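The following paragraphs lead through the packing of a single protein chain. They may be read with the sequence and the three-dimensional view side by side.

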Amino acid sequence: MAELTKESSHVAQEESQEPKPAKKPKPPKATVELGTPTVIVDNLHIVYKVYGAASDSQKGNAANALMRIVRRQGRPQMKEVHAVKGVSFVARHGEAIGIVGRNGSGKSTLLRAIAGLLPPHKGAVYTDGQPSLLGVNAALMKELTGERNIVLGCYAMGMSPGELRDKYDEIVDFSGIGEFVQFPMSTYSSGMGARLRFAISSAKTHDVLLIDEALATGDREFKKRSQKRIKQMRESAGTVFLVAHNLDVIEDTCSRVIWLHKGKIKMDGDPTEVLAAYNKA
Ligand SMILES: Nc1ncnc2c1ncn2[C@@H]1O[C@H](COP(=O)(O)OP(=O)(O)OP(=O)(O)O)[C@@H](O)[C@H]1O
Ligand SMILES: [Mg+2]
């Protein structure tokens, strides 16, 4: 198994010739001692099967479509989408790993696979503890009030009624949604929804927290606060994965960045180096 740690920054062959662009020095980040592995991804392949989709040999041809209708044939064909192609890395306690890449490069798929929501087609994912996925569509109920969703969310994360009582005020404060907590979530702006979701999920210490674009709609102040939370989580020796198209958030928050391209790791290592190469591409 290939081990790609922060120390052994790895660059795929085609990238290795690239000269490093000059960058102004950044203040050193608070270093967190890296611990034992929390997630090991070993040659992972994820394949989606899409039923009823045209296979490549029968794509978008009007005559074909007409023939099928005349012959009363449906589209029993199945198309496979190979979304993650042989990804391997090791994540450790205390790491915050940013995942970047273009739309459709496999970022969300990789997170869902780490969370155990997608079965590997090949390869394996080993985790220490139960990873929690915080996505744009995390399971809260729009028609219920913020209050109800806090209760629901905390119980869903396995908190006891006592823990919920202890954490409730902190969650409301952190979300900053004020009196809107008494209103149904359907009345929230997307940023307010994101704040509440993040406030609920981060109320519990997770061994592995997977965040997929969940901070994208928050404003500046919320981004600052959530970055602080992520740092605290790292310090309490959790591992955080963060998918974001906002590279500033990744650069400020993460200790390591993985660049996915068409389902493969193109680069894995120091945020400044990986983001510079990604920006150039
Ligand atoms: N449920 C699904 N069924 C079939 N194919 C899917 C499914 N979800 C994703 N895909 C395909 O898998 C590939 C990777 O998608 P994924 O959502 O992981 O990309 P992403 O990097 O998260 O993109 P984005 O930046 O747009 O969020 C894409 O080709 C996409 O079309
Ligand atoms: Mg995605």
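Contact here means heavy atoms within 4.5 Å. The model is predicted: local features need pLDDT of at least 70 and side-chain atom pairs count only at pLDDT 80 or more, whereas totals for chains, interfaces and linings use all residues. Residues are numbered from 1 along each chain as its sequence is written, chains are lettered from A and ligands numbered from 1 in the order in which they are written, and side-chain values use heavy atoms, with hydrogens and water left out.

The chain comprises eight helices and 10 strands; these are DSSP runs numbered from the N terminus, helices being H or I of at least four residues and strands E of at least two. Of its 281 residues, 46% are buried, that is, under 20% relative accessible area with a 1.4 Å probe and protein chains only. Among contacts in the chain with a separation of 6 or more, 76% join residues 24 or more positions apart.

A nonpolar core is a set of buried Ala, Val, Leu, Ile, Met, Phe, Trp, Tyr and Cys residues joined through side-chain atoms within 4.5 Å. The largest such core has 43 residues, and Val100, Ile150, Phe198 and Ile211 have the most contacts inside it. Helix H5 (residues 190–201) gives the most to this core, with five residues. Apart from it lies another core, of 23 residues, including Leu44, Val84, Leu111 and Leu260.

Leaving aside residues up to four places away in sequence, Phe198 touches Leu134, Phe174, Ile211, Leu215, Phe222, Ser226, Arg229 and Ile230.

Two helix pairs involve H5. With helix H6 (residues 220–235), H5 packs at an angle of about 15°, the axes lying 11 Å apart; axes are lines fitted to C-alpha atoms, for helices over the stretch in contact, and angles run from 0 to 180 degrees between N-to-C directions. H5 and H6 are therefore roughly parallel, a term for angles under 35 degrees. On the H5 side, Ala194, Arg195, Phe198 and Ala199 meet Glu221, Phe222, Arg225, Ser226, Arg229 and Ile230 of H6. This contact of H5 with H6 has five nonpolar, one polar and four charged residues, where Ala, Val, Leu, Ile, Met, Phe, Trp, Tyr, Cys and Pro count as nonpolar, Asp, Glu, Lys and Arg as charged, and the others, Gly among them, as polar.

Helix H4 (residues 161–175) packs with H5 at an angle of about 145°, with axes 8 Å apart. Ile171, Phe174 and Ser175 of H4 meet Arg195, Leu196, Phe198, Ala199 and Ile200 of H5. The contact of H4 with H5 divides into six nonpolar residues, one polar and one charged.

Conventions:
Buried means under 20% relative accessible area, exposed over 50%, partly exposed in between (1.4 Å probe, protein chains only). Angles under 35 degrees count as roughly parallel, over 145 as roughly antiparallel, 65 to 115 as roughly perpendicular and the rest as oblique.
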